[in-house]
Amino acid sequence: MKVDTPIIKIESLSKVFRGPDGDFAALEDINLEIMSGEIFGIIGMSGAGKSTLVRCINFLERPTQGTVYFDGVDLSSLTKKELYNIRRSMGMIFQQFNLLMQRNVIGNVCFPLEIAGVEKSEARKRAEELLEVVGLSDKALAYPSQLSGGQRQRVAIARALATNPKVLLCDEATSALDPATTRGVLMLLKDINKRLGITIVVITHEMRVIEEICNRVAIIDKSKIAEIGSVEEIFTRPKTAAARRLVFPEDHSFEQLPGKRCCRIVFNGNSSFEPIIAGMVLDFRQLVNILFADTKNIDGKAFGQIVIQLPENDLVANRMIEYLRAKNLAVEEVAGYV
Amino acid sequence: MFDPVVLKMLGRGLLESIYMTLVSTAFAYVLGLPLGIALVVTDKEGIYPKETFNWILGLIINLLRSIPFLILLIMVIPITRAIVGTTIGTNATIVPLVIAAAPFIARLVESSLKEVDKGVIEAAQSMGASTMRIIFKVMLPEARPSLVVGAAIAVTTILSYSAMAGFVAGGGLGDIAIRYGYDRYQTDIMLVTVALLVLIVQVLQEVGMKLARVSDKRK
Ligand SMILES: Nc1ncnc2c1ncn2[C@@H]1O[C@H](COP(=O)(O)OP(=O)(O)O)[C@@H](O)[C@H]1O
Ligand SMILES: [Mg+2]
């Protein structure tokens, strides 16, 4: 896979919506290069401007300022007809799938080909191939209402690929799906990227989607790009507050510091050796301070003791003690440590 | 009362009513369907926004709709004479029926088309579909069940309007009801015509709903 030339280039793009109660800048000074063959993620909270940005890429939304280049072509320089043509090089899929409900599966996949003026039998052949790619050949004659969410999104993917696009734009494509189905759809997208070399732009508000398939990611926060980099880089060293909020979404709930109460946890082989304290911290989203620890792992069983400093909040502290007791540990409160 | 002459007259009235209704509905759709499409497409939120045009169109449609049918019937007499050459009989009734029904149908079509999911239209736009393609390949087919229900409503409404045309000797069952029931106090004949009208409405309504259900692939 060659990743060097930008297939999409966005230069100082802004989008202002004019409303009855004033103007609203949904995008401000966006600069972005998406390379041919990569899977590029755009992540941000709801209302950050992600959908507006992706709609500017295929000019469903005309930017108020700035330029979008697709494959080197300035989209604002195109006539209506040329724009219709170039859109066929950019497939798009949506959160709500947006299938034609009165057409069956194969009819849906044939639809963009009909619009492109492809001959009927040829369109049908191509649609059948695509249903093969997304694993839905047996559903060709079903109607969308008879399919599950994951299957509908697969039909939408087949439809988006029908005109042999160079880019696939995915706006929250997995946000309406459960985790297992999400994984399946993401794997399909990854496979399409690898096998067909199609550049994929993934819009999402979920970090795990980015983590799963993206090479690079842009973080969009309050209408602006906060940070762009490789997924690894952003994950390990988020520089901006916006990035940290997305990478460590529960960051703020760790604010409460441990209080005065301490307890001793005795491991006497009744529990298996697992990161119990870490698990508790994650479950409660409250910090504890380990003051003393001496444990051994013998045959997968835990022996020894740990002394921890409990959170300030008495209710939480009590619940933690109960939590530990429920794990078959001997717990006693101790004084004089802090 | 049910001697052959009366029966023959009722049969003729029935056929005339059906004839007027179907022909008027067809012509009214020829005018109303494009107007309904125009209302949706040129709306501020539509796929081809033209706000001033939309406003004027909406105004004209509302004006026409607010004229009571009986008054319209008389107001359009010159137009009827110019088009049909006469102002009595079934063909003469078709003119005011079409003028009254077209704006009503435009509103029915408008509301059906507005039910079409915006996302599906957006998907078609993302595939490079032109406005015309979206109208004919997305909006109309996706709205089909709702359009069929609308057509059933339109046709029954036109039927009841056509009965009112009896007041100006417009032919059909309404004409009979007025000539016998109102002018000659033959209530029995009037009741039979009313029963026939109710029957046709019922049949049309049932057929329309059934068609809509069968053609809807959303279940
Ligand atoms: N057509 C529009 N008119 C006015 N405001 C809009 C329009 N589309 C989006 N917005 C506003 O722009 C902001 C960003 O929207 P959007 O791009 O959909 O966000 P996201 O997809 O990140 O959730 C939101 O505050 C939204 O209300
Ligand atoms: Mg969005």
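I began with strand pairing in chain A. S3(A), residues 39-43, pairs with S8(A) in the parallel sense over 5 bridges. I note that this is a predicted model. In this pairing, Ile43(A) stands opposite Thr204(A) of S8(A).

Next I looked up S7(A), residues 167-171. It runs parallel to S8(A), and 5 bridges join the two. Here Leu169(A) stands opposite Val201(A) of S8(A).

Then I checked burial of S8(A), residues 199-204. I found 6 of its 6 residues buried. In a regular strand, side chains alternate between the two faces of the sheet. I therefore sorted S8(A) by side, with buried meaning under 20% relative accessible area. One side carries Thr199(A), Val201(A) and Ile203(A). The other carries Ile200(A), Val202(A) and Thr204(A). Both faces are covered.

I turned to the nonpolar cores. The largest has 73 residues, and Ile8(A) and Met139(B) have the most contacts inside it. Helix H5(B), residues 90-114, gives the largest share, 10 residues. A second, separate core has 51 residues, including Cys170(A) and Val202(A).

What does Ile8(A) touch, leaving aside neighbours within four places in sequence? I listed its contacts, among them Leu32(A), Ile57(A), Phe70(A), Val167(A) and Val201(A). Glu33(A) is also one of them.

Last, I looked at helix packing in chain B. H1(B), residues 4-41, and H10(B), residues 187-215, pack at about 35° with axes 11 Å apart. The crossing is right-handed. On H1(B), the contact residues include Met9(B), Leu10(B) and Leu14(B); on H10(B), they include Val192(B), Thr193(B) and Leu196(B).

Terms used:
Residues numbered from 1 in each chain as written. Chains lettered and ligands numbered in written order. Predicted model: local features only at pLDDT ≥ 70, side-chain atom pairs only at ≥ 80, totals over all residues. Heavy atoms only, no water. Axes fitted to C-alpha atoms, helices over the stretch in contact; angles between N-to-C directions. Helix = DSSP H or I, 4+ residues; strand = E, 2+ residues; numbered from the N terminus. Left-handed = near helix turned anticlockwise from the far one by under 90°. Contact = heavy atoms within 4.5 Å. Core = buried A, V, L, I, M, F, W, Y, C linked by side-chain atoms within 4.5 Å. Buried < 20%, exposed > 50% of the residue type's maximum accessible area, 1.4 Å probe, protein only. Pairing = 2+ DSSP bridges.
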